[in-house]
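Hello,

Here is the structure I said I would pass on to you. Have a look at it first, and then read on for what I found.

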Amino acid sequence: MRPIITSTVAATWALGGWIQLSKLNAVGVARRDADAAESARANRRWWDADADDYQAAHGAFLGDADFVWCPERVRESDVHLLGEVAGRRILEVGCGAAMCSRWLAAAGARPVAFDVSSGMLGHAQALAGSTGIDVPLVQADAQFLPFASASFDIAFTAFGAVPFVADSARLMREVARVLRPGGRWVFAVTHPMRWMFLDDPGPDGLTANTSYFDRTPYVEFDTSGEPTYVEHHRTLGDRIRELVAAGFRLVDLIEPDWPADLIDEWGQWSPFRGAILPGTAIYVCELDQRRSRVVAAESERARIG
Ligand SMILES: C[S@@+](CC[C@H](N)C(=O)[O-])C[C@H]1O[C@@H](n2cnc3c(N)ncnc32)[C@H](O)[C@@H]1O
């Protein structure tokens, strides 16, 4: 869910907190249904509209060719969640400005980065020019990957795509399809516990006001009721179930501590809340050698038929 921002004229009182609704003429916030088409339409428009602001707000923290997993500043160079990367074909899902892929390219990997938003990909292209590190960029929706089966060794995302699609089980199957057997899938998302709380970095963000078990999407909408931004909640159990169903084995689940020296806030992430509540969950998975062929065949059939 998006950060609560106080004292702004473009704010509205909703879901128990003030939220800024400055994009796409949004006028309200609700927990309500949003199907696959509504979610896809809203998020593609929203990320296009937000691309410049996102880059202005977070570009310095993320770096131009750096790999930071989350607001808790976990760096791939320290944790090696992807394993050996040199020479590997690596797919970055929901890449934004693709700084992680540029870091991987500099480390000798062969990354391909994709995102649904042309606005975000525009920043990726501009940074390719300024850094001199060129990575193949593709515009695509993570639920319908335009890549051949078993064509990547590793796939990953830092907060891209996964929470924004209505059918994340399908996304998991698609990632499984494009990975070779034994391939690795690592993704960081907002920790599911956070869905119980307001997106408030201060003390008001420590009181549970929503059921953890309520999977109803978070939706911002405009005057005609059309969603302008959608996020989908999955509990820990839901997420593991959809991973296993797609043929993955969960190798690790990382809940990063907030570093004592980190004072940067990132929306709802703050040193104050980070000392008490987990903010990020990083799922580290491997495609099960035995199950992956069956799941890949099913996913391919579903794609064609
Ligand atoms: C929070 S940003 C993260 C971007 C980048 N990974 C980073 O660390 O800054 C979420 C990204 O997911 C992308 N995204 C949202 N839905 C997507 C989808 N269905 N398929 C591909 N990308 C998607 C957005 O366009 C946006 O670039």
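Let me start with a question: does glutamate 72 count as buried or exposed? Before the answer, a word of caution that this is a predicted model. Glutamate 72 sits in the loop between α1 and α2, and it counts as buried, because 21 C-beta neighbours lie inside 10 Å and the cut-off is 20 or more.

The contacts of glutamate 72 are worth a look on your screen. Once neighbours within four places in sequence are left aside, glutamate 72 is in contact with Pro256, Asp257, Trp258, Pro259, Gly274, Gly279 and Thr280. Take glycine 274 from that list: 202 residues separate it from glutamate 72 along the chain, yet their C-alpha atoms are 8.2 Å apart.

Arginine 73 belongs to that loop between α1 (36-62) and α2 (76-79) as well. Its phi is positive, about 65°, although arginine 73 is not a glycine. Arginine 73 is partly exposed, with 16 other C-beta atoms within 10 Å. Leucine 24 also has a positive phi without being a glycine, in this case about 55°. You will find leucine 24 in the loop between β2 (17-20) and β3 (26-31), where it is partly exposed, with 18 other C-beta atoms within 10 Å.

Now for the overall picture. The protein has eight helices and twelve strands, and buried residues make up 44% of its 305 residues. Among contacts between residues at least 6 apart in sequence, 71% join residues at least 24 apart.

Next, the ligand. A shell of 19 residues surrounds the ligand, and the closest are Trp47, Gly94, Gly96, Ser117 and Ala142. By class, the shell has eleven nonpolar, six polar and two charged residues. Both α1 and β7 (152-158) supply at least two residues of this shell, and the largest share, three residues, comes from α1.

On to the core. In soluble globular proteins, nonpolar side chains tend to be buried together. The largest nonpolar core here has 74 residues, and those touching the most other members are Ala124, Ala155, Val175, Trp185 and Val186. Valine 175 touches Val93, Ala155 and Trp185, with residues up to four places away in sequence not counted.

Valine 175 also leads us to helix α5, as it is one of the buried residues there. Nine of the eleven residues of α5 are buried, so the helix is largely enclosed by the rest of the structure.

Which helix does α5 pass in a right-handed crossing? The partner is α6. The axes of α5 (residues 168-178) and α6 (residues 236-245) come within 9 Å and cross at roughly 40°. At the contact, Ser168, Ala169 and Met172 in α5 meet Glu242, Leu243 and Ala245 in α6. By class, this contact has four nonpolar residues, one polar and one charged.

Best wishes

Terms used:
Residues are numbered from 1 along each chain as its sequence is written. This is a predicted model: local features need pLDDT of at least 70, side-chain atom pairs count only at pLDDT 80 or more; totals for chains, interfaces and linings use all residues. Helices (H or I, at least four residues) and strands (E, at least two) are DSSP runs, numbered from the N terminus. A residue is buried if 20 or more other C-beta atoms lie within 10 Å of its own, exposed if 12 or fewer, and partly exposed in between; C-beta atoms are placed from the backbone. A residue is near a molecule or strand if its C-beta atom, placed from the backbone, lies within 6 Å of it. Ala, Val, Leu, Ile, Met, Phe, Trp, Tyr, Cys and Pro count as nonpolar, Asp, Glu, Lys and Arg as charged, and the others, Gly among them, as polar. A nonpolar core is a set of buried Ala, Val, Leu, Ile, Met, Phe, Trp, Tyr and Cys residues joined through C-beta atoms within 7 Å. Two residues are in contact if their C-beta atoms, placed from the backbone, lie within 7 Å. Axes are lines fitted to C-alpha atoms, for helices over the stretch in contact, and angles run from 0 to 180 degrees between N-to-C directions. A crossing is left-handed if the near helix is turned anticlockwise from the far one by less than a right angle, and right-handed if clockwise.
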